Amino acid sequence: MDNYKITADETLRETVQHGDSSYPFTYYPENIWQFDFHRIDWHWHYELEFVYVAEGTATCLAGTDKIELKEGLASLLTAVFFIVLRRNAVHLSQTLFFHRPC
């Protein structure tokens, strides 16, 4: 099984581009168990992030807020927050990023 991790710079800004001006969003069907330590680690970005929990539960830490997402629930996170998704029996989390307007 491949291990995935967030690629970020020294400020923890995620360095992956999500979408572009011709297709302004990217969809990631993610299995949280494939990430290091079974979590999507601390990061931030300019894009909005929509997180939907398809199975299990997730703890989302955004800034100073702790958001508990149960199966079938979603959260829209605004830009420039420090974000971490932790495991709580999450088997699949689906994430959608919107590209920042140019």
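The model is predicted; local features need pLDDT of at least 70 and side-chain atom pairs pLDDT 80 or more, while totals for chains, interfaces and linings use all residues. Residues are numbered from 1 along each chain as its sequence is written, and side-chain values use heavy atoms, without hydrogens and water.

**Elements.** I found 0 helices and 6 strands, taken as DSSP runs (helices H or I, at least four residues; strands E, at least two) numbered from the N terminus.

I then looked up β3 (residues 49–62) and β4 (residues 65–70), which pair in the antiparallel sense over 6 bridges; pairing requires at least two DSSP bridges. I noted C60 opposite I67 in β4. The two strands form a hairpin with 2 residues between them, and G63 in the turn has a positive phi of about 65°.

**S75.** I located S75 in strand β5 (residues 74–77). S75 is buried, at a relative accessible area of 12%. Leaving aside residues up to four places away in sequence, S75 touches E49, F50, V51, I67 and L69, where contact means heavy atoms within 4.5 Å.

**L48.** I placed L48 in the loop between β2 (39–43) and β3. Its relative accessible area is 35%, so L48 is partly exposed, a class that lies between the 20% limit for buried and the 50% above which a residue is exposed.

Definitions and conventions: Buried < 20%, exposed > 50% of the residue type's maximum accessible area, 1.4 Å probe, protein only.
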